[in-house]
Amino acid sequence: MSMAADAGTSVGLDPQAVLHHLGMTLGDYVTASSHWSEWFNRHALSDPGLLEQHAQLIEKYRAKYANAIQDRNLSC
């Protein structure tokens, strides 16, 4: 979700349009982001595998969305 939003906004798409494409409102995004950020921070220090998995997913989605030029290119 965050990688798609980052990719869309980095090529000039309206952030709210990207979220709409993902089926989310800004409120949904903020709520989900807050929940998962808290969860990740609580668990990451005690689970080195989680940090590695997170790094791999970041690279995967950066590559996937590297050439996104329209919100139709943004899929999960």
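Helices here are DSSP runs (H or I) of at least four residues, numbered from the N terminus. By that count, Tyr65 lies in the segment after helix 4. The model shown in every view is predicted.

**Figure 1. Overall arrangement of the helices.** The protein has four helices and zero strands. Read from the N terminus, the order of elements is α-α-α-α. The protein contains 76 residues, of which 21% are buried. Among contacts in the protein with a separation of 6 or more, 48% are between residues 24 or more positions apart.

Figure 2. Met3 is 62 residues from Tyr65 along the chain, yet their C-alpha atoms are separated by 7.6 Å. Met3 is itself one of the buried residues of helix 1.

**Figure 3. The buried residues of helix 1.** Helix 1 spans residues 2-10, and Ala4 is located in it. The buried residues of this helix are Met3, Ala4, Ala5, Ala7 and Gly8. Their cover includes helix 2 (15-21) and helix 4. Ala4 has a relative accessibility of 1%, and because the limit for burial is 20%, Ala4 is classed as buried. From the C-alpha atom of Ala4 to that of Lys64 the separation is 9.2 Å, although the two residues are 60 apart along the chain. Just after helix 1 comes Gly12, whose phi is positive, at about 95 degrees.

**Figure 4. The packing of helix 3 against helix 4.** Two packed helices are described by the angle between their axes and the distance between the axes. For helix 3 (residues 26-44) and helix 4 (residues 48-64), the axes come within 8 Å and cross at roughly 130 degrees. Helix 3 is therefore oblique to helix 4, because the angle falls between the 65 to 115 degree range for roughly perpendicular and the 145 degree limit for roughly antiparallel. Helix 3 contributes Trp39, Phe40, His43 and Ala44 to the contact, and helix 4 contributes Pro48, Leu50, Leu51 and His54. Sorted by type, the residues of this contact are six nonpolar, two polar and no charged.

Figure 5. The ring centres of Trp36 and Trp39 are 5.8 Å apart and the ring planes lie at 70 degrees, which means the pair is edge-to-face. The cut-off behind that label is an angle over 60 degrees. Both Trp36 and Trp39 are in helix 3, three residues apart, about one turn of the helix. Trp39 has a relative accessible area of 30%; this lies between the limits of 20% and 50%, so Trp39 is partly exposed. Trp39 also takes part in the contact with helix 4.

Figure 6. One salt bridge is found in a search of the whole structure. It joins the side chains of Arg42 and Glu38, with an N to O distance of 3.1 Å. That distance is within the 4 Å cut-off for a salt bridge. Arg42 and Glu38 are four residues apart in helix 3, so about one helical turn separates them.

Methods. Residues numbered from 1 in each chain as written. Predicted model: local features only at pLDDT ≥ 70, side-chain atom pairs only at ≥ 80, totals over all residues. Heavy atoms only, no water. Axes fitted to C-alpha atoms, helices over the stretch in contact; angles between N-to-C directions. Helix = DSSP H or I, 4+ residues; strand = E, 2+ residues; numbered from the N terminus. Parallel < 35°, antiparallel > 145°, perpendicular 65-115°, else oblique. Contact = heavy atoms within 4.5 Å. Nonpolar A, V, L, I, M, F, W, Y, C, P; charged D, E, K, R; others polar. Phe/Tyr/Trp six-rings, centres within 6.5 Å; stacked < 30°, edge-to-face > 60°. Buried < 20%, exposed > 50% of the residue type's maximum accessible area, 1.4 Å probe, protein only.
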